[in-house]
Amino acid sequence: MQFGRLPGIDAAKVPADGLLVDVREDDEWAAGHAEGAVHVPMSDFAARSGEVTAKAAEGGGPVYVVCRSGGRSAQVAQYLLQQGLDAVNVDGGMLDWEAAGRPLVGDTSEPAHVR
């Protein structure tokens, strides 16, 4: 079990080839997300955590967990650490991602944005 400070990283420093897991809900994801991110909503995470574990095993690096502002992702990152995975919370979430000028893609006809 992990005790102490949760590992975190600024959104601007997440490696472009890192495994980014977005735990926001479907409507937030559709409005705008990082291209290549894996979408597993927090509300489904317990049932779908095996998907993240499998992707982490493929990549071998840390799992970067993101939500809108960093709260939900911190909870999921802590859960992953307890499961033995190398997990890092994206501090400031997608709001900081967008503010840092990192690219966004959306699933709607509107320009991609963080919701």
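**Close-up 1. E28 and R72 form a salt bridge.** E28 is buried, with a relative accessible area of 9%. Buried means under 20% relative accessible area, exposed means over 50%, and partly exposed lies in between (1.4 Å probe, protein chains only). This is a predicted model: local features need pLDDT of at least 70, side-chain atom pairs count only at pLDDT 80 or more, and totals for chains, interfaces and linings use all residues. Residues are numbered from 1 along each chain as its sequence is written, and side-chain values use heavy atoms, with hydrogens and water left out. R72 counts as partly exposed, at 24% relative accessibility. The side chains of E28 and R72 meet at 2.9 Å, N to O. A salt bridge puts a side-chain nitrogen of Lys or Arg within 4 Å of a carboxyl oxygen of Asp or Glu. By this rule the count comes to 4 salt bridges. E28 sits in helix 1 (residues 26-31) and R72 in helix 3, 44 residues apart. Helices (H or I, at least four residues) and strands (E, at least two) are DSSP runs, numbered from the N terminus.

**Close-up 2. R48 and E51 pair within helix 2.** Their salt bridge spans 2.8 Å, N to O. R48 and E51 are separated by about one helical turn, because they are 3 residues apart in helix 2. R48 is partly exposed, at 25% relative accessibility. E51 is partly exposed too, at 38%.

**Close-up 3. D22 and R24 form a buried salt bridge.** Their closest N and O atoms are 2.8 Å apart. R24 has a relative accessible area of 0%, and D22 has 1%. D22 lies in strand 2. Among the residues that D22 touches are W29, H33, V66 and M94, leaving out residues up to four places away in sequence. Contact here means heavy atoms within 4.5 Å.

**Close-up 4. V63 belongs to the largest nonpolar core.** A nonpolar core is a set of buried Ala, Val, Leu, Ile, Met, Phe, Trp, Tyr and Cys residues joined through side-chain atoms within 4.5 Å. Helix 3 gives the largest share, 4 residues. V63 lies in strand 4 and counts as buried, at 1% relative accessibility. V63 touches residues including L19, V21, V52 and L80, not counting those up to four places away in sequence. The C-alpha atoms of V63 and V52 are separated by 8.2 Å.
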